[in-house]
Amino acid sequence: MTSHKIGIVVSSSRPTRIGTKVAQWVRDQAPNDTEVDIIDLAEVDLPFLAEPELPSAGNYTQPSTLAWSERVRTYDALIVTLPEYNAGYPAVVKNAVDTLHAEWTDLPIGIIGYGWGAAAGSARQFGEVLDRVKALRLDGPGLSFGQDLTPEGDILEAAPSDEVRGLYDQIIAAVREKVAA
């Protein structure tokens with residue numbers, strides 16, 4: 001069986017964020033034969049709209065963009081752990097998507113929202129962005145404060161681990177289908 005490489009994206013750069021805890025928990029649900037890395041967008045540190053040309057031109061010149069493109073291309077798929085801030089998703093994750101173009105086409109990307117109401121609003125909005133850039137969007141479960149995790153990011157026993165493992169199954173199936181095509 002071939003190992004697949006999946007990146008788990010921490011999509012918040014706030015100093016008080018809990019996304020790293022959520023991403024680590026998501027990583028812990030991965031199948032044993034899957035290589036999983038955590039990609040912290042606070043560490044990727046992409047400048048906003050720094051390229052002189054539109055990303056669709058593919059003529060990246062900024063070292064940060066070139067590094068981000070190369071990194072994204074090393075993954076078979078991504079899972080974005082997504083908080084909801086003021087009824088939306090963080091700007092840093094929108095910038096991470098908008099910085100590139102071709103890299104997203106047909107890339108399987110799962111979404112796991114977390115926060116009040118399981119971040120349903122931000123997950124829906126971000127899903128629309130993924131659809132626009134022609135990624136293969138796979139909606140995962142949401143984690144709700146008080147039910148699945150604490151506001152400090154501690155994962156509770158009721159957290160939907162089976163649903164996250166099901167998302168991995170969907171992602172791996174999508175990757176296999178993409179490779180077979």
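The legends below accompany views of a predicted model of one protein chain.

**View 1. Overall fold of the protein chain.** The predicted chain contains six helices and six strands, which from the N terminus on follow the order β-α-β-α-α-β-α-β-α-β-β-α. Its radius of gyration is 16 Å, close to the 16 Å that the globule rule gives for 181 residues, so the chain is as compact as a globular protein of that length. Along the principal axes, the C-alpha atoms fill a box of roughly 45 × 40 × 25 Å.

**View 2. Burial and contacts in the protein chain.** Of the 181 residues, 48% are buried, and the accessible surface comes to about 9,000 Å², with 49% of that area belonging to carbon and sulfur atoms. Among contacts between residues at least 6 apart in sequence, 80% join residues at least 24 apart.

View 3. One cavity of 30 Å³ or more is counted in the model, and the space in the largest cavity is about 60 Å³. Its lining comprises twelve nonpolar residues, with no polar and no charged ones; among them are Val9, Leu41, Trp68, Trp104, Ile109 and Phe126. Strand S3 (77-83), helix H4 (91-98) and helix H5 (120-132) each contribute at least two lining residues, and the largest share, three residues, comes from H4.

**View 4. Surroundings of histidine 4.** Histidine 4 belongs to strand S1 (residues 4-10) and has a relative accessibility of 9%, which is under 20%, so histidine 4 counts as buried. Beyond its neighbours within four places in sequence, histidine 4 is in contact with Asp33, Thr34, Glu35, Asp76, Ile172, Val175 and Arg176.

Note on methods: Residues numbered from 1 in each chain as written. Predicted model: local features only at pLDDT ≥ 70, side-chain atom pairs only at ≥ 80, totals over all residues. Heavy atoms only, no water. 1 Å grid on protein atoms, 1.4 Å probe; cavity = no way out; pocket = protein on both sides within 12 Å on 5 of 7 lines; lining within 4 Å. Points joined across faces, edges and corners; volume = space filled by probe spheres on them. Helix = DSSP H or I, 4+ residues; strand = E, 2+ residues; numbered from the N terminus. Nonpolar A, V, L, I, M, F, W, Y, C, P; charged D, E, K, R; others polar. Buried < 20%, exposed > 50% of the residue type's maximum accessible area, 1.4 Å probe, protein only. Contact = heavy atoms within 4.5 Å. Rg over C-alpha atoms; globule rule 2.2 N^0.38 Å. Areas by Shrake-Rupley, 256 points an atom, 1.4 Å probe, with all protein chains shown as cover.
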